[in-house]
Amino acid sequence: MKKITSFTIDHMKLQPGIYVSRKDPVGEEIITTFDLRMTSPNEEPVMNTAEVHTIEHLGATFLRNHPVFGSRIIYFGPMGCRTGFYLLLAGDYESADIKELITEMFVFIRDFHGEVPGACAKDCGNYLDMNLPMANYLAGKYLSDVLEKIGQDRLVYPE
């Protein structure tokens, strides 16, 4: 069986950043899948499910309400390995095209206080598995360590 694209990236070289994972034609549209890598695979500890779940709720809410990109959002959710998130956008984009969007989203998550959207039994199948303070912390860390000083080497997958 042929390896899927995400398994062909050398995870020993991969560092936190914003990467185009793949581009898929769907009808007349291109769907761009982004790899929002928050931790260094196989080097740093993975994120716990509670903070990943909280970032997912906050990120999806922010993205789907965004005045420019909201109508282009297909999906935002965690990677199974818990080292980052996938973002699928309708359109043919490069990583640099969404740097500002991702920065805005992580500022929103870092600064969010109050009730996490959708964090109740009626709205979510695992609403008790949330950790807002840790989600705030991880968003701030991604902002300061990666997004605020991101270079081309963190916008294109390593060779």
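Which backbone nitrogen does the side chain of Glu 51 reach? The answer is in the second view. What you see here is a predicted model, where local features need pLDDT of at least 70, side-chain atom pairs count only at pLDDT 80 or more, and totals for chains, interfaces and linings use all residues. Residues are numbered from 1 along each chain as its sequence is written, and side-chain values use heavy atoms, with hydrogens and water left out.

**View 1. Four strands make an open, antiparallel sheet.**
Read across, the order is β1-β2-β4-β3. (Strands are DSSP runs of E, at least two residues, and helices are runs of H or I, at least four, numbered from the N terminus; two strands pair if DSSP finds at least two bridges between them.) β1 (17-26) and β3 (73-78) stand at the edges with a single partner strand each, so one side of each has no neighbour in the sheet. From one strand to the next, the twist averages 15 degrees. β3 pairs with β4 (residues 84-90) over five bridges, and Tyr 75 has Leu 88 in β4 as its bridge partner. Helix α2 (residues 95-111) packs on the sheet, touching β1, β2 (29-37), β3 and β4, and its direction makes about 120 degrees with that of β1. (Axes are lines fitted to C-alpha atoms, for helices over the stretch in contact, and angles run from 0 to 180 degrees between N-to-C directions; contact means heavy atoms within 4.5 Å.)

**View 2. Glu 51 is buried but has no salt bridge.**
Glu 51 sits in helix α1 (residues 49-64). Its side chain reaches the backbone nitrogen of Asn 48 at 3.1 Å, a polar contact (a pair of N or O atoms within 3.5 Å; within protein, one must be able to donate a hydrogen and the other to accept it, and residues adjacent in sequence count only if both atoms are side-chain atoms). The nearest side chain of opposite charge is Arg 82, 7.3 Å away. (Lys and Arg count as positive, Asp and Glu as negative; His and the chain ends are not counted.) Leaving aside neighbours within four places in sequence, Glu 51 touches Asn 131, Met 134, Ala 135 and Leu 138.

**View 3. Asp 92 and Lys 23 form a salt bridge.**
Their closest N and O atoms are 2.5 Å apart. (The term means a side-chain nitrogen of Lys or Arg within 4 Å of a carboxyl oxygen of Asp or Glu.) Asp 92 lies in the loop between β4 and α2 and Lys 23 in strand β1, 69 residues apart.

**View 4. Arg 37 and Asp 35 meet in a salt bridge at 2.7 Å, N to O.**
Arg 37 is buried at 2% relative accessible area, and Asp 35 is buried at 1%. (Buried means under 20%, exposed over 50%, partly exposed in between, with a 1.4 Å probe and protein chains only.)
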